Amino acid sequence: MDGRHLGCLHYTPMAPGRRHRSLRLLLVAVLVNISFWQSTIVTDVTESGKTEDASSLYPSKRLPKVFTIVILTMNRLNSLQRLVGSLMNEGCQYGHHDEAVNIEIHVDRPKDGGTTAWLETISWASNLSWPYGEVDVVAAKENQGLRDSWFNAWRPEGDNERAIILEDDVEVSKLWYSWVNGAYDSYGQNSDVAGFSLQRQNVIPLTDGRIRKGGISANDNEAFLYSLLGSIGFAPTARIWREFLEWTDCALEHDVDVYVDGLITSRWWRKPKNKRSMWEQHLVYYMYHQNMFCLYQFPKNSALGLASHWKENGEHFKGKTRSSHGLVEDPAELGNFRFPSEPNKFDWGANPVTPTRRKTLIVSAALGDQEPDTFSSFLSSLRKHYSGDVMMAIATNASPEIRSVLAKYNAKHSEVDISNVQHSMDIHRFKLYSKYCTSEYDYCMAIDFRDSFFQDHPFKYVNMDGGHDLIFQSLGRSVKAISDHWK
């Protein structure tokens, strides 16, 4: 069976490269009338009508009340103690963020029952003193195996929840928490980011030779996106993880074959002993079909990482225990946690992904206003953030000064004889939008003219890969005054 089994169809997306190219029309609906100006980009109005901090609009910038650390363990007490010891490092700076940090320790039951080592692990975990939040110990009644332990590790209910999942043979840098929270702030709501990994990834999974020479690029030590997930300290984005788990529940029930042709991980997963222990292949398959990536960042020193993997004897490893990397301590090794707005992407062969530039259009009906200053305020604020196409509907008798402003800001215009408009302009303008928003554009934003100005890129918060044909966005709030830099 493939991922399009009827029972899983709802959760299985169209394969990469096969999405239909269709116009997306974004309507910015103005909800309140205001006496001076109204922002359509970064402000909103509450039900009570009170003005709030604009930063509260965007969930990715709002810290949750709780950050959850999920630890997966069984009977390796020494490993668990080493991991918790690294989490206890005062340099982690848990108190610098406005959230509690809770620990959940999930203790799987050995196949041979409740051994002494297992009971000792539960006892130690149950008596753990953790000053930054609560400790919850979840002891399995029967053996789950590593795969199901991951699938049952964290089930977020809201899109803004944050967590990291750690196997007990991982050790973390004191910088891990600041880095992960920075990643959540920057990319927590991105539709193409499945999560963030502390791993210094070195696996290139392609088997057909289309592999970048020199291995995975350090990307000048900036954060970057890579097609392969990293399970050594993995912090999933809440919405995508929840949707992935919903799909996985269905896929497991119907025995969906998650083989991805051309990837070595598929061969690993096909081995019978790995079916119950290798959880990663389900997410590899899901990310492949959703065209998603995992975020990484490598310290400048190639011997260091945000986490170290000790490769203890267990379901995946047998042999001598050893640390994979030293732990980075200097934030400068990671660019002091500055995250690029559009991180570079690398495919399954670690080759750079050439970004697809979406073609966009801003449309507005400016038929009743004959003041050049109004056009200048609208277009000057827009051009500070946006260089794409602009189409303005203007009256046939628009003054030369207005036409000069349009030319100055490289805005196209269409003349409308308002004396021939049969319906009210509130209705007629949508006919104009339909005329201007052709299939040439991926996204078209229709926006009010006189009472709008821009404080950011108008498409910044739009999911460009979302697949929706019509998006209603209502972002209006009273603004008491205009700062000079908006004009």
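Me: Why is D169 called buried?
Reply: Buried means under 20% relative accessible area, exposed means over 50%, and partly exposed lies in between (1.4 Å probe, protein chains only). D169 has a relative accessibility of 2%, and therefore counts as buried. This is a predicted model, in which local features need pLDDT of at least 70 and side-chain atom pairs count only at pLDDT 80 or more, while totals for chains, interfaces and linings use all residues. Residues are numbered from 1 along each chain as its sequence is written, and side-chain values use heavy atoms, with hydrogens and water left out.

Me: What makes D169 and R76 a salt bridge?
Reply: A salt bridge is a side-chain nitrogen of Lys or Arg within 4 Å of a carboxyl oxygen of Asp or Glu. For D169 and R76 the closest N and O atoms are 3.9 Å apart, and the pair forms a salt bridge. This pair links distant parts of the chain, 93 residues apart: D169 is in the loop between β6 (162-167) and β7 (170-172), and R76 is in the loop between β3 (66-73) and α1 (77-87). Helices (H or I, at least four residues) and strands (E, at least two) are DSSP runs, numbered from the N terminus.

Me: Is R76 buried, partly exposed or exposed, and which residues share its network of salt bridges?
Reply: R76 is partly exposed, because its relative accessible area is 22%. R76, D168 and D169 are linked in a network of salt bridges. The structure holds 12 salt bridges.

Me: How do you know that R239 and E243 are separated by about one helical turn?
Reply: R239 and E243 are four residues apart in helix α5 (residues 238-253), which means a separation of about one helical turn. An α-helix has 3.6 residues a turn, so residues three or four places apart point the same way. R239 and E243 form a salt bridge, with the closest N and O atoms 3.3 Å apart. R239 is partly exposed at 25%, and E243 is partly exposed at 25%.

Me: What makes E415 and R403 a salt bridge?
Reply: Their side chains meet at 2.6 Å, N to O. E415 lies in strand β18 (residues 412-416) and R403 in helix α9 (residues 400-408), 12 residues apart.

Me: How do you know that the span of α8 agrees with expectation?
Reply: The expected span of a helix is 1.5 Å times one less than its number of residues. Helix α8 (residues 372-383) has 12 residues and should span 16 Å; its end C-alpha atoms are 16 Å apart, so the values agree. Among the buried residues of α8 are F375, F378 and L382.
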